[in-house]
Amino acid sequence: SIIDDSEINIESWLAERLIDSFVRLENEAFITGDGTNKPKGLLKDTKVEAIAAGTEVTPEMLLKLINSLEEGYLANASFLMNRGTLSAIQSLKDTTGRFIWQQSLTDPLKQSVFGVPIVISSHMPEIGADSLSIAIGDFKSAYKIVDRSEINLIRDPYTDKPFVRFYSVKRVGGDVVNPLA
């Protein structure tokens, strides 16, 4: 078969391609997962206190969100939002007319709002009525990820001869361990 006669290791090549798929699925589950055959997401945990942004983000709402976090977690806190929400925030100004969004002068990918770093995730909801489109927290303290880093790839040459089937499994779990953070 071509799998056995190939100059490249087809199984290794397939495992490399699967990594991207698993990473996307994991990232989505860490935010919106329901805990059934996937990690329980940040936004699905009922112990996490959240402030709904409504249909418009304001500097006052962001300050309220920052000040809702306990002091001990503020030093390592970051905002979590999608690009559409960030785009809405980038045009906001404070009462003196200064933009509240700041881009790092040394690292163009680092950005902050009122000094709090921003992390972008396409899995965060868009701004809308009752959507939890912005989260703030010390996520390293708040959320625990348990991960077996490797992908198990099982080769099955028997079930569907002359074809070879591959089954892949990756074990990962996640849940909020400190809702105060």
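**Core, pocket and local geometry**

Modeller: The largest nonpolar core has 22 residues, and those with the most contacts inside it are Leu 62, Phe 79, Ile 89, Val 113, Ile 134 and Ile 136. Such a core is a set of buried Ala, Val, Leu, Ile, Met, Phe, Trp, Tyr and Cys residues joined through side-chain atoms within 4.5 Å. Buried means under 20% relative accessible area, exposed over 50%, and partly exposed in between (1.4 Å probe, protein chains only). This is a predicted model, in which local features need pLDDT of at least 70 and side-chain atom pairs count only at pLDDT 80 or more, while totals for chains, interfaces and linings use all residues. Residues are numbered from 1 along each chain as its sequence is written, and side-chain values use heavy atoms, with hydrogens and water left out.

Colleague: Which element gives the most to this core?

Modeller: Two or more residues each come from helix H3 (59-68), strand E1 (78-81), helix H5 (83-90) and strand E4 (116-120). Helices (H or I, at least four residues) and strands (E, at least two) are DSSP runs, numbered from the N terminus. With four residues, the element that gives the most is H3.

Colleague: Which element gives the most residues to the lining of the second largest pocket?

Modeller: On a 1 Å grid over the protein atoms alone, a pocket is an open set of points where a 1.4 Å probe fits, with protein on both sides within 12 Å along at least five of seven lines; lining residues have an atom within 4 Å of a point. Of the 17 lining residues here, Leu 42, Leu 80, Val 119, Phe 139 and Lys 140 are the closest to the centre. Helix H2 (10-32), E1, E4, helix H6 (139-142) and strand E6 (143-147) each supply at least two residues. With three residues, the element that gives the most is H2.

Colleague: Which two residues form the aromatic pair?

Modeller: The structure holds one aromatic pair; rings of Phe, Tyr and Trp (its six-membered ring) pair if their centres lie within 6.5 Å, and planes under 30 degrees apart count as stacked, over 60 as edge-to-face and the rest as tilted. The pair is edge-to-face, at 5.9 Å centre to centre with 70° between the planes. One partner lies in helix H2 and the other in strand E6, so the pair ties together parts that are 113 residues apart in sequence. The partners are Phe 30 and Tyr 143.

Colleague: Is Asn 37 buried or exposed?

Modeller: Asn 37 lies in the loop between H2 and H3, and its phi is near 55°, a positive value in a residue other than glycine. Most residues other than glycine have a negative phi, and most peptide bonds are trans. Because its relative accessibility is 82%, Asn 37 counts as exposed.
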